[in-house]
Amino acid sequence: AQERYAGLIGQPAQAKCGTTIALHMNAGLIADLPSLESSGAEGVGLFRTELQFLARSNVPRRGELAAIYARVMDAAGDKPVVFRTLDIGSDKVLPYMKREEEPNPALGWRAIRVGLDKPGVMRMQLQALIRAANGRPLTLMFPFIAQFDEFRAARQHVLDEIEREGKLGHDLPENIRIGAMLETPSLAFAPRQFFEMADFISIGGNDLKQFFFAADRENERVRRRYDTLNVSYLSFIEQIVRRCAETDTPVSFCGEDAGRPIEAMCFAAMGLRTLSMRPASIGPVKHLLRRVNLDDVRAVIDRSRGSGVQSVRGDVMEWLRTMGD
Ligand code: PEP
Ligand code: MG
């Protein structure tokens with residue numbers, strides 16, 4: 001199936017209306033990086049940093065992490081890499097971390113909540129990232145930000161570490177971009193100042209969808225009830241895009257849904273211009289985007305949601321069929 005899309009590798013994901021969507025890839029290992037070339041991704045839109053912490057019996061050392069991050073940046077060359085700071089708790093549990101049993105781990109002490117309450121590991125990771133960049137640009141984002149203050153505090157940790165690393169005589173990143181993952185509905189309603197402070201927003205659709213519908217992403221029974229193309233969810237995505245546009249804050253989508261061609265096409269019609277997905281999805285998503293006019297997709301979605309349906313999927317699929325797919 002991959003050969004089918006091989007001819008598209010050097011081609012942009014340009015829709016018939018002329019709009020181009022930037023397609024990035026998700027990664028989590030050095031071994032994923034060769035896919036940048038083979039998939040034609042424009043960069044790594046999400047580098048999950050949990051694996052280096054999970055596959056071992058104790059906390060990795062700063063030097064080890066810095067070496068790994070530097071290799072990732074080396075392998076990416078001129079293509080940007082967005083490093084997400086440690087996102088543990090909920091579905092990702094560290095064997096060596098003492099934690100209390102929680103009745104609802106997905107709603108519990110996880111991700112940035114751990115990072116802010118016990119900042120030691122996160123600060124060490126930030127130091128490793130700064131050293132890995134070693135004068136190159138650095139882009140990082142924080143997971144699971146639910147309110148402005150969490151982002152402000154997390155960002156302050158970065159500024160503090162930059163200052164500290166500078167005093168220690170390390171080369172500082174040429175520039176640094178600090179973003180927030182939007183994974184809880186609350187953040188979409190944060191004050192305007194949050195959107196101004198964030199260098200970019202990345203929608204973590206896996207978590208966002210589970211909280212939007214109150215449906216556990218790990219529980220097949222409830223997860224399947226709620227379609228990504230549900231009119232409420234699409235309208236919410238559209239609203240996030242609009243809020244980001246008000247402050248010129250770049251926004252992308254990096255959940256698994258970005259790698260599903262029909263979902264990706266509908267997100268693009270809702271205004272998203274950057275999507276990050278597993279490398280194998282880039283070909284299929286690009287193939288579909290290049291065949292459609294996003295204004296037409298938008299018109300189909302608008303007509304569909306005006307008709308009172310629960311999900312626009314049926315109408316979108318029907319329209320695609322009339323296009324001869
Ligand atoms: C997400 O929630 O969509 C996301 C990209 O993060 P993760 O799947 O690692 O929670
Ligand atoms: Mg998430």
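1. Two residues are in contact here if their C-beta atoms, placed from the backbone, lie within 7 Å. Keep in mind that this is a predicted model: local features need pLDDT of at least 70, side-chain atom pairs count only at pLDDT 80 or more, and totals for chains, interfaces and linings use all residues. Residues are numbered from 1 along each chain as its sequence is written, with chains lettered from A and ligands numbered from 1 in the order in which they are written.

2. Overall fold: the protein has 15 helices and 9 strands (DSSP runs numbered from the N terminus: H or I of at least four residues, E of at least two). Its radius of gyration (over C-alpha atoms) is 20 Å, close to the 20 Å from the globule rule (2.2 Å times the number of residues to the power 0.38) for 325 residues, so the protein is as compact as a globular protein of that length. Of contacts between residues at least 6 apart in sequence, 70% join residues at least 24 apart.

3. Helix 13 (residues 279-291) is worth a look: Pro279, Ser281, Ile282, Gly283, Val285, Lys286 and Leu289 are buried, meaning 20 or more other C-beta atoms, placed from the backbone, within 10 Å of their own. Their cover includes strand 1 (13-14), strand 2 (20-27), helix 1 (34-39), helix 12 (261-269) and strand 9 (274-277).

4. Now ligand 1. Around it sit Leu46, Arg48, Asp87, Glu183, Gly204, Gly205, Asn206, Asp207, Cys254 and Gly255 (backbone-placed C-beta within 6 Å). Strand 3 (44-48) and helix 9 (205-212) each give two or more residues, and helix 9 has the largest share, 3 residues.

Notes: A residue is buried if 20 or more other C-beta atoms lie within 10 Å of its own, exposed if 12 or fewer, and partly exposed in between; C-beta atoms are placed from the backbone.
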